[in-house]
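Here is a short briefing on one protein chain. Look at the structure first, then read the points below.

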Amino acid sequence: MARRRGYYTEGSTARQIEYDYAEPARRERRVTRERNRSAEVPRIHSGAARQAEKSLAFDARYMAIVITMVLFMAAACTVMLVLQTKVSEQESNIESLQIQIQDVQADNSAYENSLENMYSLDDIYNIATGELGMVYSQNGQIIYYDNADGDYVKQYGDVPSGR
């Protein structure tokens, strides 16, 4: 029997041993038939291998779902950016309104101070006694009255004299 020597090729391709001598014709026909079969359609025998092949394939439904999700994410990002822009505009609007409120409050306090300082107690006394003819009360003219019913008193007649 002849001694066989094979050649080894390194790499990731399928290895096929090449022999130095010529094989019988019967063997060549069988090898040729196997090559023809492998070139036609690869046969997958196990169910798990078929399932793996199906899961790796891209079909139209999968692509439609992916495209839908990408469009959804793009729309969500656009909405988020629009809302963020509106929020920043509102914040700047709020800041400007707060500045206006501070200005108005400062003006109000300035007007209030000017009104309080417009007339002193001496001015009020002079107007009351000089222009309106009012006088200070004398001793015994002030009568104190106890009212147990309410906050104010309506005077329908003369107040009783003495306590």
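**Confidence and overall build**

The chain has a mean pLDDT of 78, and 64% of its residues reach 70 or more. pLDDT is the predictor's confidence in each residue, from 0 to 100. This is a predicted model: local features need pLDDT of at least 70, side-chain atom pairs count only at pLDDT 80 or more, and totals for chains, interfaces and linings use all residues. Residues are numbered from 1 along each chain as its sequence is written, and side-chain values use heavy atoms, with hydrogens and water left out.

**Fold**

- The chain has four helices and zero strands. Helices (H or I, at least four residues) and strands (E, at least two) are DSSP runs, numbered from the N terminus.
- Read from the N terminus, the order is α-α-α-α.
- Helix α3 (residues 60-116) has the highest mean pLDDT among the elements, at 95. Helix α1 (residues 25-40) has the lowest, at 61.
- Where pLDDT is low, the predicted coordinates should not be read in detail.

**Surface**

- Of the 163 residues in the chain, 1% are buried. Buried means under 20% relative accessible area, exposed over 50%, and partly exposed in between (1.4 Å probe, protein chains only).
- The chain exposes about 16400 Å². Carbon and sulfur atoms supply 55% of that area. Accessible areas come from the Shrake-Rupley method with a 1.4 Å probe; for residues, only the protein chains shown count as cover.

**A nonpolar patch**

- Leu-115, Met-118, Tyr-119, Leu-121, Ile-124, Ile-127, Leu-132 and Met-134 form a nonpolar patch on the surface. Together they have about 870 Å² of accessible area.
- Nonpolar side chains (Val, Leu, Ile, Met, Phe, Trp, Tyr) are joined within 5 Å, like charges within 9 Å.
- Helix α4 (residues 121-131) gives the most, with three residues.
- Leu-121 lies in helix α4. Leu-121 counts as exposed because its relative accessible area is 70%.

**Tyr-136**

- Tyr-136 sits in the segment after α4. Its relative accessibility is 62%, so Tyr-136 is exposed.
- Tyr-136 touches Tyr-125 and Gln-141, not counting residues up to four places away in sequence. Contact means heavy atoms within 4.5 Å.
- Tyr-136 and Tyr-125 are eleven residues apart in sequence. Their C-alpha atoms are 9.9 Å apart.

Definitions and conventions. Patches are made of residues with over 30% relative accessible area and no salt bridge: like charges are joined within 9 Å, nonpolar side chains (Val, Leu, Ile, Met, Phe, Trp, Tyr) within 5 Å. A salt bridge is a side-chain nitrogen of Lys or Arg within 4 Å of a carboxyl oxygen of Asp or Glu.
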